[in-house]
Amino acid sequence: MPLSRQHFPSNFLWGTATASFQIEGAAHEDGRLPSIWDTFCAEPGRISDGSNGDVACDHYHRWEQDLDLIQSLGLSAYRFSIAWPRIIPTGTGAINEAGLDFYDRLVDGLIARGIQPHVTLYHWDLPQTLQDRGGWENRDTAYAFADYAAVVAARLGDRVKSYATFNEPWCVSILSNEIGHHAPGKQDRKAALAVAHHLHLAHGLALSRLRALNLTSQLGIVLNLTPAYPATDNEADRTAATLADGKGNRWFLDPILKGQYPHDIWEHYGAEVLPNVLPGDLELASQPIDFLGVNYYSRAFVSAGGKTLPEGTEYTDMGWEVYPEGLRDLLVRLHRDYQLPDLYITENGAAYPDVVSEDGQVHDGERTQYLQRHFQSALDAVQAGVPLKGYFVWSLLDNFEWAFGYSKRFGIVHVDYATQKRTVKDSALWLRDFLRVPTPA
Ligand SMILES: OC[C@@H]1[C@@H](O)[C@H](O)[C@@H](O)c2nc(CNc3ccccc3)cn21
């Protein structure tokens, strides 16, 4: 019997996901002020196609049509992020009611369609005014975030099924401040580790504020986790893989789930670049969470000697290896090494160079295969006893893919940016059929 949702627990949650800056557009509407990504897009050379988020998928004006699409596919959950620059446009102080109103309507629209709202409070669009004051390098920003989080949750309440504080602290800290590919585009390891610590602190501060609201919503965080595989069994490769796992995964998992930074990586970094951890910070950061969101896309194949993957390896349009087994391995490892709350795969998906064919359809067979294989891997993890409770496909729509602009398409729905026409791709039609439970005769 081909893989179907009936192989999964009957209450397994199936959803799709987006993020505010990537889909909303309306960058200068209803009181929104610039984020660090608006600034980053305006810096020549930062975005491969020179684009920005001014219009994106125009979701700010087309959200009802987009929610209808989610409903038409039979998905029961939608993960989306709130734009801080719409809610408190200068980062601290005055609340922009029009911004809150938009998400209020969105949440009610989801509920009216029988779709669970799942909110990410921060998916990278920091108000520029806070960056002007040091951004996440400044410990004060953690407190500003907690205030912002409380404003959102006070308005949306427990209509929202879950609140995640952050999407991918690794991206916000390392990718954005050490590697420099994302906003604000710094290349400074000390800065990046200070950012990471302030995100961990902010997560804890916000959790305390949200808990105080006595919501029934689940509270958690979303981490991008990449299992590291040594290219060979030699010591150099195994050591390199352990280092990659420590820097990419454990530096973020351990403060949240164990209340400490991993000792091996703390020593590896050295005193020059280590963050200033104040008493109580890690106790705040490691407060119990109701769920951990895991964003999985691929594995890291780690070679100290420059060994590469073999001929015939499959890659997505991002150049990421297609490696579904890595999802099961990752989840089983998490279950072995950590005291876990409920797990959700909060992002999994693939970019392919999709085109609308002459028949008006998008025949994205590779994406369907990618999803099928990762669903199977998720099922393997469930059957291995991992407390995996749901899966969100990244992404509902083709959208602004950060430094790649609109050149990479992750959607299960195609967007023609010239006309804003949505076209449901074959992968979405497959997903709809996968989700359909046959009605008893
Ligand atoms: O790149 C696809 C998505 C992106 O559109 C989402 O906004 C973001 O949450 C997201 N995270 C990853 C995995 N982490 C990552 C690794 C390297 C570069 C960028 C993201 C992939 N994606």
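**Close-up 1. E347 in strand β9.** E347 is found in strand β9, which covers residues 342–348. Helices (H or I, at least four residues) and strands (E, at least two) are DSSP runs, numbered from the N terminus. The model is predicted: local features need pLDDT of at least 70, side-chain atom pairs count only at pLDDT 80 or more, and totals for chains, interfaces and linings use all residues. Residues are numbered from 1 along each chain as its sequence is written, and side-chain values use heavy atoms, with hydrogens and water left out. E347 counts as buried at 5% relative accessibility; buried means under 20% relative accessible area, exposed over 50%, and partly exposed in between (1.4 Å probe, protein chains only). Not counting residues up to four places away in sequence, E347 touches R79, H123, N167, E168, V294, N295, Y296, Y297, F392 and W394, where contact means heavy atoms within 4.5 Å.

**Close-up 2. E168 and E347, annotated as active site.** An unreviewed UniProt entry gives the annotation "active site" to E168 and E347. The two span 180 residues in sequence, yet no two of their C-alpha atoms are more than 10.6 Å apart, so they gather at one spot. The lining of the largest pocket takes in both E168 and E347. UniProt positions are given in the numbering used here, feature names are shortened, and annotations may be inferred rather than shown by experiment. A pocket is found on a 1 Å grid over the protein atoms alone, as an open set of points where a 1.4 Å probe fits, with protein on both sides within 12 Å along at least five of seven lines; lining residues have an atom within 4 Å of a point. E168 lies in the loop between β4 (162–167) and α8 (169–179) and is buried, with a relative accessible area of 6%. Beyond its neighbours within four places in sequence, E168 is in contact with W124, V222, L223, N224, N295 and E347.

**Close-up 3. W394 and E401, from the annotated binding site.** The "binding site" annotation of the unreviewed UniProt entry covers Q22, H123, N167, Y297, W394, E401 and W402. Each of Q22, H123, N167, Y297, W394, E401 and W402 is in the lining of the largest pocket. W394 is placed in strand β10 (residues 388–394) and counts as buried at 3% relative accessibility. Outside four places in sequence, the contacts of W394 include Q22, H123, Y297 and E347. E401 is in the loop between β10 and β11 (413–416) and is buried, with a relative accessible area of 10%. Not counting residues up to four places away in sequence, E401 touches Q22, M318, K408 and F410.

**Close-up 4. The aromatic pair W84 and Y148.** The whole structure holds 43 aromatic pairs. Rings of Phe, Tyr and Trp (its six-membered ring) pair if their centres lie within 6.5 Å; planes under 30 degrees apart count as stacked, over 60 as edge-to-face and the rest as tilted. The ring centres of W84 and Y148 are 4.7 Å apart and their planes are at 5°, so the pair is stacked. W84 lies in helix α4 (residues 84–87) and Y148 in helix α7 (residues 140–156), so the pair ties together parts that are 64 residues apart in sequence. Both W84 and Y148 are buried.
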